[in-house]
Amino acid sequence: MKKTRTTRRNTLGQRLLATFFTILLLTVVGSAFGLWSLYRVNGATDQMVQQTVATERLVADAYRYQEINAASYKALALSSEPEVGDILAADILVIQQRYDALMTQLQNRLQSKQEQALLLKINSGSKDFLAAQSELVAARDSGLTERIRKVYSERFQPSSKALLASVATLADFQRQAIDVAAIQIARWSAMARRCTSVLSCVAARSSMTARVPVCSPKRANMGSRPGKRFLDASADASGAPSRTITRASSASARMARLCSVSAAACRALRIGTPA
C-alpha cells in the first residue's frame with residue numbers, strides 16, 4: 001500500500017515538474033523569438049531609412065535643382081538686360097555645382113541594375129541638356145529674338161523636360177522601394193506577434209492541463225466504506241486532521257504554487273511580445 005502511494009506521489013511530482021519545465025521552455029523560446037524578430041525588423045527599418053529614404057531625398061533635391069536651373073536658363077535667354085544675365089549666370093553656376101554633387105553621391109549609392117539603368121538615362125539626358133543650353137546661350141548672344149525662341153522651343157525645352165522626366169522616374173522608383181520595404185517590415189512584425197501569441201496560448205494551455213486529480217477514483221470512493229467513515233469520524237472527534245485531508249491540502253498547495261509560476265511565466269511572455 002505504501003509503495004502505491006509513493007508511486008502516485010512521484011507521478012504527481014513528475015507531472016508538475018514536466019509542466020513547469022514545459023512552460024519555462026515556451027517562455028524562453030517565445031522571448032528569444034520576440035528578440036530575434038525585433039532585431040530583424042530593426043535592421044530592415046535601418047536599411048530602409050539609411051539607404052532607400054536617403055537616396056529618395058537626394059533624387060528629390062536633384063530634381064528641384066534641375067528645375068531651378070531650367071527656369072534660370074529660360075530667364076537668361078529671354079532677358080535683354082545684361083545685368084540680369086550676369087546675376088543669373090552666377091546663380092546657374094552654383095545650382096549646377098550642387099546638382100553635379102548630388103549626382104556623384106547617387107552614382108555611389110545606386111547599386112541595382114534598374115537603378116544603374118535609370119542613372120545612365122539621366123546622365124545621357126544631362127549631356128543633351130548641356131548641349132541645348134549652350135545652343136540657347138549662343139542664340140541669346142546673337143541677339144536674334146526669332147532664333148532664341150526657336151532654339152528654346154525646339155531644342156532647350158524638350159531636352160529639359162526629358163531630363164526632368166528621367167530624374168522623376170528615378171524618384172518614383174525609390175518611393176516604390178520604400179513602400180515595398182514598409183510592407184515587408186509590417187509582415188515581419190505581424191508574423192512575430194502571431195508566433196509569440198501562439199507560444200503564449202500553448203504555455204497557458206499547458207498550465208491548464210497540469211490540473212491532475214489529487215486523489216484517484218479509488219481513493220475518492222474510500223469515503224463510502226464503513227471503516228473509512230469510522231476513521232474519519234474518529235479523527236473529527238479527536239480534532240486531528242485526517243491523512244487524506246492533509247495530503248489533499250499539501251497537493252493543493254503545490255498546485256497553487258504551480259498556478260502562480262504559470263501566471264508569472266505568461267506575464268513574462270506577454271511583456272516580451274512585440275507590440
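These legends describe an overview and several close-up views of one predicted protein model.

Residues are numbered from 1 along each chain as its sequence is written. In this predicted model, local features need pLDDT of at least 70 and side-chain atom pairs count only at pLDDT 80 or more, while totals for chains, interfaces and linings use all residues; side-chain values use heavy atoms, with hydrogens and water left out.

**View 1. The protein chain has seven helices and zero strands.** From the N terminus on, the elements run α-α-α-α-α-α-α. Helices (H or I, at least four residues) and strands (E, at least two) are DSSP runs, numbered from the N terminus. Of the 275 residues, 33% are buried. Buried means under 20% relative accessible area, exposed over 50%, and partly exposed in between (1.4 Å probe, protein chains only). Take the contacts between residues at least 6 apart in sequence: 82% join residues at least 24 apart. A contact means heavy atoms within 4.5 Å. The accessible surface comes to about 17,100 Å². Carbon and sulfur atoms hold 60% of that surface. Accessible areas come from the Shrake-Rupley method with a 1.4 Å probe; for residues, only the protein chains shown count as cover.

**View 2. Tyr73 and Phe129 form an edge-to-face aromatic pair.** The whole structure holds four aromatic pairs. Rings of Phe, Tyr and Trp (its six-membered ring) pair if their centres lie within 6.5 Å; planes under 30 degrees apart count as stacked, over 60 as edge-to-face and the rest as tilted. Here the ring centres are 6.2 Å apart, with 85° between the planes. The pair links distant parts of the chain. Tyr73 sits in helix 1 (residues 2-78) and Phe129 in helix 3 (residues 113-142), 56 residues apart. Tyr73 is buried, at 10% relative accessible area. Phe129 is buried too, at 2%.

**View 3. Tyr152 and Phe156 form a stacked pair.** Their ring centres lie 5.8 Å apart and their planes meet at 25°, so the pair counts as stacked. Both residues belong to helix 4 (residues 145-209). They are four residues apart, about one turn of the helix. Tyr152 is buried, with 15% relative accessibility. Phe156 is also buried, with 2%.

**View 4. Four residues form one aromatic cluster.** The members are Tyr73, Phe129, Tyr152 and Phe156.

**View 5. Arg64 lies over the face of Tyr65.** The distance to the ring centre is 4.8 Å. A charge sits over a ring if NZ of Lys or CZ of Arg is within 6 Å of the ring centre and within 35 degrees of the ring normal.
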